[in-house]
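Please keep the sequence and the structure in view while reading.

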Amino acid sequence: MSKIIIIDGNNYCYRAYHAMKNMKSKDGKPSSIVYGVPLMISTLLKKHEPSLVYLVIDGGRSPHRLSVLPGYKAGRKKIGWDGEDFHSQKDVMMDLVHNGLGITVIRNLDQEADDIMYKLVRKHKGEEILLCSADKDFVQLIDENVSIWNHNLNQRQGVILTLENTKEWMGYTPDRCVDYLTFIGDSSDKIPGVRGVGEQGAADFIKKYPSIKEYLKNYPVDNKFNKAKLEEVYRVSRFMIDLRYFHRKHLRRVGIHQAFKEDSKIDYKVIKNIAIDYGLNQFRMPNFIKPFKQYQDAET
């Protein structure tokens, strides 16, 4: 069975930006994202030999989610953060990856990367898929064909999460992911959890009840889990966290429209120009280009 790799582009940009934030060209141009993301993609190509690769980039905060939670992802605090530098590097990286190295980049305006990645999983249903992200939200998509490469686990050595090992590493199974995240929330995205419950309380609830939905509908009141408070949080969290639910409500008829031309092939001129501009001459070396060339040859 062929393998499809779907990369959370913003997650990888943040990873490269902070891991190598002091990296600059000889003329002082920041280059951590321009260097780091293609390097990580190269590693994935060599390790997994996929038949198809997507790099998915956020197109902005979903207007539907903002209508439910106006403060969603607002005012994020990032240590060592320079927004202008980050986004300018990201644009150059996308040009290099798509137009230079021949990897499909997808970015839809007003669609978040999470939702596009979910659509791609649906599009390739039944095929072997590896999602590449440290975002906990994607755990809900793991099944017999879908796994996740999470580079933050196991003391940052990384783990491939599967149906068999997700509970060991995350503390819950994929089908309970949305319930768990409903309780703990997501402070970085400004998604509230259930106050006073915490991780241990969320784990206790998952052991005791089959789902939040079932508890609210069919179980007597548990003093530890206030029904009114939980119902209020769950109503919001389904829109913010549950990718399947959000798709059914708002994106079922919305397609994937690539912001880049569909056919992407290796273009040595693009690689050369960016490599010279950013002092990344290693990108012009045969050993770096080889896995991208092999990927292109296998695809054709």
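The model shown here is predicted.

- Helix H8 covers residues 177-184, and seven of its eight residues are buried, so the helix is largely enclosed by the rest of the structure.
- The buried residues of H8 are Cys 177, Val 178, Asp 179, Tyr 180, Leu 181, Thr 182 and Phe 183.
- After H8 comes Gly 185, which has a positive phi near 70°.

**The chain as a whole**

- The chain contains 14 helices and six strands.
- Its radius of gyration is 20 Å, close to the 19 Å that the globule rule gives for 300 residues, so the chain is as compact as a globular protein of that length.
- The C-alpha trace spans about 65 × 40 × 40 Å along the principal axes of the chain.
- Of the 300 residues, 52% count as buried.
- Among contacts with a separation of 6 or more, 67% come from residues 24 or more positions apart.

**Packing of H1 against H2**

- Two packed helices are described by the angle between their axes and the distance between the axes.
- For helix H1 (residues 9-19) and helix H2 (residues 32-48), the angle is about 120° and the axes are 8 Å apart.
- H1 and H2 are therefore oblique to each other, and their crossing is right-handed.
- H1 contributes Tyr 12, Cys 13, Arg 15, Ala 16 and Tyr 17 to the contact, while H2 contributes Ser 32, Ile 33, Gly 36, Val 37, Met 40 and Leu 44.
- Sorted by class, the residues in the contact of H1 with H2 are eight nonpolar, two polar and one charged.

**Packing of H5 against H12**

- Helix H5 (residues 113-123) packs with helix H12 (residues 243-251) at an angle of about 95°, and their axes are 10 Å apart.
- This angle makes H5 roughly perpendicular to H12.
- On the H5 side, the contact is made by Asp 114, Asp 115, Tyr 118, Lys 119 and Arg 122; on the H12 side, it is made by Leu 243, Arg 244, Phe 246, His 247 and Leu 251.
- The contact of H5 with H12 has five charged, four nonpolar and one polar residues.

**Gln 89, a buried residue**

- Gln 89 belongs to helix H4 (residues 83-100).
- The relative accessible area of Gln 89 is 1%; because buried means under 20%, Gln 89 counts as buried.
- Apart from neighbours within four places in sequence, Gln 89 is in contact with Tyr 17, Pro 30, Ser 31, Ser 32, Ile 33 and Val 34.
- Among these partners of Gln 89, Tyr 17 and also Ser 32 and Ile 33 take part in the contact of H1 with H2.

**Gln 157, an exposed residue**

- Gln 157 is located in the loop between helix H6 (153-156) and strand E6 (159-161).
- Its relative accessibility is 55%; because exposed means over 50%, Gln 157 counts as exposed.
- When residues up to four places away in sequence are not counted, Gln 157 touches Trp 149 and His 151.
- Gln 157 and Ile 289 are 132 residues apart in sequence, and their C-alpha atoms are 25 Å apart in space.

Definitions and conventions:
Residues numbered from 1 in each chain as written. Predicted model: local features only at pLDDT ≥ 70, side-chain atom pairs only at ≥ 80, totals over all residues. Heavy atoms only, no water. Axes fitted to C-alpha atoms, helices over the stretch in contact; angles between N-to-C directions. Helix = DSSP H or I, 4+ residues; strand = E, 2+ residues; numbered from the N terminus. Parallel < 35°, antiparallel > 145°, perpendicular 65-115°, else oblique. Left-handed = near helix turned anticlockwise from the far one by under 90°. Contact = heavy atoms within 4.5 Å. Nonpolar A, V, L, I, M, F, W, Y, C, P; charged D, E, K, R; others polar. Buried < 20%, exposed > 50% of the residue type's maximum accessible area, 1.4 Å probe, protein only. Rg over C-alpha atoms; globule rule 2.2 N^0.38 Å.
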